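Please keep the sequence and the coordinates to hand while reading.

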Amino acid sequence: MATLQSPVHAIPGEEDKPPQDGIALCLSGGGYRAMLFHLGSLWRLNELGFLKKLDRVSSVSGGSITSGLLALKWKRLNFDAQGIAQALTTEVIDPVRAMASVTIDAPDIVEGILLPGTVADKVVSSYERHLFGQATLQDLPDTPRFVINATNVQSGALWRFSKPFMADWRVGLIRHPDTPLAVAVGASSAFPPVLSPARLKLNPSAFEPGSGADLQKEPFTTSVYLTDGGVYDNLGLETAWKDYTTILVSDGGGHMAPDPSPHSDWGRHALRVNDLIDNQVRDLRQRQLIDSYNDPSPAGRKGTYWATRSDITHYPAPSALSCPFAATQVLAAVATRLASIDGLTQERLINWGYAICDAAMRSHVVTTPTPPAVFPYPSAGV
């Protein structure tokens with residue numbers, strides 16, 4: 001069986017550690033579409049009692065918007081004796097939906113071009129204004145550990161933000177970073193080319209001595225140039241896979257559409273070829289993940305995967321909610337942008353994330369829970 005094992009690209013203290021018993025949730029990229037789809041997944045995971053059981057939440061891009069607010073509001077979710085968060089809707093779902101009603105990408109691009117500062121700076125300001133305020137990584141909970149992932153354009157490696165540390169295995173590690181949460185989410189969702197790069201200015205002395213493999217030197221330790229975490233790993237698997245035996249993946253990412261008449265000019269043809277490469281890398285990672293669920297050896301993993309592109313009839317869970325494939329694929333095709341989505345489409349994306357998460361969980365992880373009778377927003381359907 002294929003696995004996601006890779007050469008040792010480890011942060012100090014994590015070398016050669018086998019995965020431990022525990023549950024990790026990975027939230028993919030995909031702009032506002034993924035952000036809303038993941039809300040539905042969180043809604044159902046909470047009802048199943050799994051939100052409280054999480055040891056790790058790893059996210060990229062649009063998924064980091066959702067996970068960032070979940071992390072910030074974790075202490076206010078009001079978990080009851082059964083481990084069900086009573087305030088998930090008011091603390092997380094409603095504020096994220098409010099942001100999904102506001103377009104930030106196009107205005108921030110214009111401001112970044114015409115006014116002082118970069119486009120990435122403007123996006124960070126929008127995140128501060130709408131969701132995160134002046135919160136830093138030190139405002140996140142200790143458990144579960146939230147890891148917000150970006151891609152280091154200089155080193156070609158993953159740059160991870162978390163409360164205990166932020167790091168790139170080649171450049172090194174900074175413990176207990178006070179980086180603003182909006183900056184971390186902004187870097188994770190810096191879609192190339194227009195929202196990227198996000199520049200992180202650092203003090204070289206902040207790095208733990210000897211913690212980088214080969215690039216712990218200037219300028220790598222003074223000005224870090226980051227782009228969307230999905231460039232490296234659009235499922236957010238990397239920082240969860242190495243550590244835990246149960247991996248849950250909510251995939252709100254897109255898929256390259258067929259093109260019967262591809263452009264032949266150099267610029268647009270190159271973009272199409274780049275999309276093809278990106279699409280194949282994502283598909284390979286997905287196939288390796290699913291193979292691992294069927295691998296009984298220690299290299300295998302438990303858990304399940306669900307996506308906006310999934311067909312709910314392919315999951316054997318009984319009494320799944322009605323989600324016609326044609327309707328769900330309309331939702332899967334919502335543009336990957338940070339652009340306003342109307343209320344009905346928001347509700348349908350949340351409903352779809354809820355329903356497919358339920359089908360996946362009851363098919364492969366839990367078998368006893370009663371199926372849900374209705375969607376979170378019953379009148380919207382999918």
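The sections below treat the basis of the description, the strands, a helix, a surface patch, the salt bridges and the backbone.

## Basis of the description

The model is predicted: local features need pLDDT of at least 70, side-chain atom pairs count only at pLDDT 80 or more, and totals for chains, interfaces and linings use all residues. Residues are numbered from 1 along each chain as its sequence is written, and side-chain values use heavy atoms, with hydrogens and water left out.

Helices (H or I, at least four residues) and strands (E, at least two) are DSSP runs, numbered from the N terminus. Buried means under 20% relative accessible area, exposed over 50%, and partly exposed in between (1.4 Å probe, protein chains only).

Strand 7 runs antiparallel to strand 8 (residues 223–228), and four bridges join the two; strands pair if DSSP finds at least two bridges between them.

## Helix 10

In helix 10 (residues 325–332), the buried residues are Thr328, Leu331 and Ala332. They line one face of the helix, because they fall within an arc of 105 degrees when seen down the axis of helix 10; the arc is that of the directions from the helix axis to the C-beta atoms. The buried residues pack against helix 1 (31–47) and helix 11 (343–364), where contact means heavy atoms within 4.5 Å. Ala326 and Val330 are exposed, on the face turned away from the buried side.

## A nonpolar surface patch

Val110, Ile113, Leu114 and Leu115 make a nonpolar surface patch of about 420 Å². Patches are made of residues with over 30% relative accessible area and no salt bridge: like charges are joined within 9 Å, nonpolar side chains (Val, Leu, Ile, Met, Phe, Trp, Tyr) within 5 Å. Val110 belongs to helix 4 (residues 105–114) and is partly exposed, with a relative accessible area of 44%.

## Salt bridges

The structure holds 15 salt bridges, each a side-chain nitrogen of Lys or Arg within 4 Å of a carboxyl oxygen of Asp or Glu. In one of them, the closest N and O atoms of Arg44 and Asp358 are 2.9 Å apart. Arg44 lies in helix 1 and Asp358 in helix 11, so the pair ties together parts that are 314 residues apart in sequence. Both Arg44 and Asp358 are buried.

Asp233 and Arg285 also form a salt bridge (3.5 Å, N to O). This pair links helix 7 (residues 230–233), which holds Asp233, to helix 9 (residues 266–293), which holds Arg285, across 52 residues. Asp233 and Arg285 are both buried. Salt bridges that share partners join Arg44, Glu47, Asp358 and Arg362 into one network.

## Backbone features

Most residues other than glycine have a negative phi, and most peptide bonds are trans. A cis peptide bond joins Pro192 and Pro193, with omega about 0 degrees; Pro193 is in the loop between helix 6 (181–188) and strand 7. Another cis peptide bond joins Glu218 and Pro219, with omega about 5 degrees.

Asn78, which is not a glycine, has a positive phi of about 60 degrees. His176 has a positive phi near 50 degrees and counts as exposed at 57% relative accessibility.

How values were computed: Areas by Shrake-Rupley, 256 points an atom, 1.4 Å probe, with all protein chains shown as cover.
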